Amino acid sequence: MLLKENIPVKYIFGKIKKEVAMVAVYAILIAVIYNNFHFTRISIPIAVPTILGTVISLLLAFKSNQAYDRWWEARTIWGAIVNDTRTLTRQLLTFVDTPYGEAEQKAFCERVAKRQIAWCYSLSRHLRKQDPLFDLERLISAEDMEHIKKYDNIPLGLLELQGADLRNAFKLGWINEFQQIQIDETLVRFSNEMGGCERIKNTIFPATYSVYIHFSVLLFILLLPFGLIEFFGLVEIPLVIAIASSFFLIENMSIHLQDPFENKPTDTPTTTISRNIERDIKQMLKENFKHDEAQVGASYNKSKVFYIL
């Protein structure tokens with residue numbers, strides 16, 4: 001995720017520098033042919049690229065909206081995960097009542113709450129196709145670690161352990177039937193939220209749609225110098241570069257937003273959210289929380305502009 005509000009121009013145009021360089025060479029070539037070799041018949045009515053550009057603008061706007069909808073849905077789901085994790089911890093602290101004293105009650109609540117923190121970190125890394133077991137040993141027991149290693153879907157294994165602890169607490173009389181139903185509904189929401197993230201991750205944005213728009217943009221840029229050269233002369237070079245840059249930037253923006261779990265600067269900040277969840281839950285458990293980037297596996301970009309979290 002981009003952490004700085006003022007994104008450097010160098011970073012923005014670094015994403016399209018190759019395309020801009022090719023457009024510049026192409027625009028200069030057309031200007032040289034028109035002015036030095038007097039091939040005046042190569043000009044076309046400016047209405048031709050104007051109409052094509054208008055149509056492409058509408059298509060790009062639609063694609064950008066759809067890409068942002070995917071990104072926003074992912075962010076909304078992770079907002080719900082934050083709320084439900086806090087709810088689960090509150091339910092544990094207020095519902096659970098053991099006959100063995102406060103120490104046993106606290107140990108049970110801590111085990112389940114920290115396992116849920118581990119679930120958040122694991123889901124984040126699972127969606128980004130990283131090691132979902134990374135750094136979980138500080139949050140869950142060795143027995144739990146051995147159990148979830150049997151699963152291809154590690155977050156699913158953690159949810160199963162949560163359900164098992166909930167069943168045992170009910171059988172031991174630590175929670176009543178109503179309380180079990182309430183906590184189980186919270187676990188169901190976690191399962192639904194995980195499924196929602198996986199749906200976004202595994203549903204590929206239609207490739208043909210992106211390809212057709214890209215070829216349309218290229219056609220528009222190829223025609224643009226011929227429509228501007230007659231009216232603007234050499235000034236068509238910076239005009240073509242500026243217009244082409246705008247279209248390329250919008251297209252790239254939609255491409256980056258359409259996949260919110262690819263560990264890119266435009267990602268949903270799942271690691272940051274997980275770290276905030278850990279901070280809140282540990283404070284609810286009356287534990288100290290120490291911010292440690294090494295623990296959450298934050299990676300620092302070489303340009304020192306942003307952290308990818």
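Phe-220 is buried, at a relative accessible area of 5%, where buried means under 20%, exposed over 50% and partly exposed in between, with a 1.4 Å probe and protein chains only. Phe-247 is also buried, at 12%. This is a predicted model, in which local features need pLDDT of at least 70 and side-chain atom pairs count only at pLDDT 80 or more, while totals for chains, interfaces and linings use all residues. Residues are numbered from 1 along each chain as its sequence is written, and side-chain values use heavy atoms, without hydrogens and water.

The ring centres of Phe-220 and Phe-247 are 4.9 Å apart and the planes at 45 degrees, so the pair is tilted. Rings of Phe, Tyr and Trp (its six-membered ring) pair if their centres lie within 6.5 Å; planes under 30 degrees apart count as stacked, over 60 as edge-to-face and the rest as tilted. Phe-220 belongs to helix 8 (residues 207–232) and Phe-247 to helix 9 (residues 236–257), so that distant parts of the chain, 27 residues apart, are linked. Helices are DSSP runs of H or I with at least four residues, numbered from the N terminus.

The count comes to seven aromatic pairs. In another pair, the rings of Tyr-68 and Trp-71 have centres 5.8 Å apart and planes at 25 degrees, so they are stacked. Both residues lie in helix 3, three residues apart. Tyr-68 is partly exposed at 40% relative accessibility, whereas Trp-71 is buried at 18%. Together with Trp-72, Tyr-68 and Trp-71 form one aromatic cluster.

Note on methods. Helices (H or I, at least four residues) and strands (E, at least two) are DSSP runs, numbered from the N terminus.
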